[in-house]
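Biologist: I would like to go through this model with you and ask what backs each label. Let us start once it is on the screen.

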Amino acid sequence: MDKLLNWFSEIADRWDTNAIKFTIYATIAVIIGGAFELIPPFFLAQSVIPISAVKPYNALELAGRDIYQREGCNNCHTQMIRPFKWEVDRFDPSGAYGKDGYSKGGEYVYDHPFLWGSKRTGPDLAHESQIKPSVDWHKRHLINPQATVNNSIMPPYPWLFLESAKLNSEEIVSHMKALSKVGVPYTDSDYSGAKELVDGKLEGDALIAYLMKLGKDTANLESSVR
Amino acid sequence: MATKTEYDDFIVRGFIISAMVWGVASMLFGVIIAFQMVYPQLNLGLPYTSFGRLRPLHTNAAIFGFALSVIFATAYHTVQRLCRIRMMSDGLSRIHLVLYNLTIVLAAITLPLGYSQGKEYAELEWPLDLLIVIWYVIFFINYLGTVIKREEKQMYVAIWFYIASFVTVPLLFIVNNLVIPASLMKSYSIYSGIFDANIQWWYGHNAVAFVLTTPFLGLMYYYLPKHINLPIYSHRLSIIHFWSLIFIYIWAGPHHLLYSPIPEWLQTAGVVFSIMLWMPSWGGMLNGFLTLTQTRDKIKVDATLKMMLVAITFYGMSTFEGPLLSIRAVSAIGHNTDWIIGHVHSGTLGWVGFLSASALYYLVPRLWNSKLYSENLANFHFWIGTLGILLYIVSMWASGITEGSMWRALNTDGTLMYPDWVSITEELKLFRLARAIGGSMFFIGICVMIFNFIMTMKNKDSGFEATDLRVGVRG
């Protein structure tokens, strides 16, 4: 072992007199691990089993997702349920996902960016549509969380429901078109239908529509659809 | 000293001042959001002051404002001295300083306005990312050019660590920030779902590695031996732990995604390399400790040295805790909890914060050519900071393990023991209050340091004399 270390340190010792060589070797050292972890998941292995029931976000849901991202909801709410009994029981209280109440890769194929979060200060929202399906409850909760959940530490979001928070369908369509460039299969009817879905709606309505989309497509599936 | 005038110290002073400004700003926001988690009224019901927008401001200001300023200040300072030449171009240095600070100001404006790419530590929208790439290229050309032109045959260890950081960070930054713009301030990641998650944590983990670890090891390898006037303990150890550290670190990202839908083999690779990482990390810690013990009886009289000691201790502690948390069974209880926040802060406050402070205590009197205004205040900073960090991480351990245990607790009939979410957050309130107080103590320490520096700077050019800390030498 000592010989091996001596051998290596003697070689490496020679590199530190040539800045260019050193820089190239250091780059190679980091690229090996980076390439191994980034390239195979994309090109070699089938990393995601598609779920045909999962559909892209419609215009209103996408507008809601933009708000979710803007307000930084992912700083306190995760969207990834791990395959543990206690997590599945907690985040699938109605048993809408059978014994598969944990998150699967196929549920996230249209998520640009992913919003899994890394800190679960509030509950997980990946399957929120099956946990709290009431639009009215969400509206009251977002305007004043403590009114519906005593002692909650969530901040209030009253500005999402002000008249000034009216959505603009043209802006949403431009967002959809950007997403279509990175592979989200939006069609012309999605763009033309945006006006009807979005116009007159408030940011808060969109955010709730997004929450009602979370987990909807994979709930109560026949196993053959997977 | 005739040689001293050759060096460009203006740029070092510039980045020291930005480190002071962004250090205070980032930690102030850290304290605010820590109290928001106990008293939600502090969100003020306004969009610009709500937790979800201020938390990215805190992390970005701390990483890209404070830590990067310290890295640039020390990089400019050390590279000129270790290469025995002035920076290749003063003009490029100055452009770098201006554009860099402009970026952080724009970040401080756009993040509270809600412009965010939605990925941790990569929140800044695409025009700001482009600005970062511009000044980064300027800096890198200047830095490497200086190293290539150097008048010293060998590149000292410190330079290795800086170079490795400076080549890896742009790689991570560019790959993770590839987006498709939808408008001037809105974009979407080109990756989706699990691929985006994988790339994000490859980036996120290595931002910790190549922004908060390797440059600071370089910093330690320069300022520790200079401060005590004695050589590093082992050159061979530094070679071995340098190459193994940079090779292994880059693999460890997937430990942030255990039990997620990313491929199983990828998670396992992340775990294996995270555990392997323990050894090279401790190689650096040991080299630091063994260097420092050459002058151990001076630790009690010198606040800067005390800070270095505590910084290296926290480095050793958090690089042990990291591999531990990456083991699947430990991750099962620690993931998504306050434990992770505690782990990050033992690294950021303990290692990065204190090592940065010790480098600043070394630099400010020398660069403003004046005696440090008060050694007692530096000593006070050390103690309140150390106690603050301890209170912070101990309360986060307690909070995180409580949280993780309550999530998983089952009754004998198999039902959840705590189905009500708020009954869990209520339990954590006291720990989180203790965390906020610990963070405030650290923040007070930083404010005292800044006051000390301002008073030192006021006595500019009154003459500086270094204390010799070698054993047996009377100071």
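Biologist: Which residues are exposed on the other side of helix 1 of chain A?

Modeller: This is a predicted model, to begin with. On that side of helix 1 of chain A, the exposed residues are A:Lys3, A:Trp7, A:Glu10 and A:Arg14. A:Ser9, A:Ala12 and A:Trp15 of helix 1 of chain A are buried. They cover an arc of only 95° around the axis, so they sit on the same side of helix 1 of chain A.

Biologist: How do you know that the end-to-end span of helix 1 of chain A agrees with 1.5 Å a residue?

Modeller: Helix 1 of chain A has 14 residues, 2–15, and should therefore span 20 Å. Its end C-alpha atoms are 20 Å apart, which agrees.

Biologist: Now the interface. What area is buried between chain A and chain B?

Modeller: About 7900 Å² is buried there, and carbon and sulfur atoms give 67% of that. A:Glu37, A:Trp86 and A:Arg90 supply 10% of the area that chain A buries against chain B, more than any other three residues. The contact involves 87 residues of chain A and 98 residues of chain B.

Biologist: How many residue pairs are in polar contact between chain A and chain B?

Modeller: The count is 31 residue pairs, both partners at pLDDT 80 or more. Five helices are listed on the side of chain A that touches chain B, each with at least two residues: helix 1, helix 2 (19–43), helix 3 (59–70), helix 4 (85–91) and helix 8 (169–181). Helix 2 of chain A gives the most, with 19 residues.

Biologist: What makes A:Asp2 and B:Arg236 a salt bridge?

Modeller: Their closest N and O atoms are 3.1 Å apart. The cut-off is 4 Å, so the pair qualifies. Across the interface of chain A and chain B, the rule finds 5 salt bridges. Over all chains the count comes to 28.

Biologist: Why is A:Lys213 called buried?

Modeller: Its relative accessibility is 7%. Buried means under 20%, so A:Lys213 counts as buried. A:Asp217 is at 16% and therefore also counts as buried. A:Lys213 and A:Asp217 form a salt bridge, with closest N and O atoms 2.7 Å apart.

Biologist: Where do B:Asp9 and B:Arg81 lie in chain B?

Modeller: They form a salt bridge, with closest N and O atoms 3.2 Å apart. B:Asp9 is in the segment before helix 1 (10–36) of chain B, and B:Arg81 is in helix 2 (residues 51–83) of chain B. The two are 72 residues apart, so the pair links distant parts of the chain. B:Asp9 is buried, at a relative accessible area of 15%. B:Arg81 counts as buried too, at 17%.

Biologist: Why are B:Arg328 and B:Glu264 said to tie together separate parts?

Modeller: B:Arg328 lies in helix 12 (residues 328–334) of chain B and B:Glu264 in helix 9 (residues 264–276) of chain B, so the pair ties together parts that are 64 residues apart in sequence. The closest N and O atoms of this salt bridge are 3.5 Å apart. B:Arg328, at 22%, is partly exposed. B:Glu264, at 52%, counts as exposed because the cut-off is over 50%.

Biologist: What joins A:Arg70, A:Glu71, A:Glu203 and B:Arg53?

Modeller: Salt bridges that share partners join these four into one network.

Biologist: How do you know that B:Thr74 is buried?

Modeller: B:Thr74 has a relative accessible area of 1%, so it falls under 20% and is buried. B:Thr74 is in helix 2 of chain B. A polar atom of its side chain lies 2.9 Å from the backbone oxygen of B:Val70. Beyond four places in sequence, the contacts of B:Thr74 include B:Tyr162, B:Leu219 and B:Ala359.

Biologist: And B:His96, is that residue buried or exposed?

Modeller: Buried, with a relative accessible area of 0%. B:His96 is in helix 3 (residues 90–110) of chain B. Apart from residues up to four places away in sequence, B:His96 touches B:Phe15, B:Phe72, B:Tyr76, B:Trp135 and B:Phe139.

Definitions and conventions
Residues numbered from 1 in each chain as written. Chains lettered and ligands numbered in written order. Predicted model: local features only at pLDDT ≥ 70, side-chain atom pairs only at ≥ 80, totals over all residues. Heavy atoms only, no water. Helix = DSSP H or I, 4+ residues; strand = E, 2+ residues; numbered from the N terminus. Expected span 1.5 Å × (residues − 1). Buried < 20%, exposed > 50% of the residue type's maximum accessible area, 1.4 Å probe, protein only. Arc of directions from axis to C-beta. Contact = heavy atoms within 4.5 Å. Buried area = accessible area lost by both parts, 1.4 Å probe. Salt bridge = Lys/Arg side-chain N within 4 Å of Asp/Glu carboxyl O. Polar contact = N/O pair within 3.5 Å; in protein donor to acceptor, adjacent residues only side chain to side chain.
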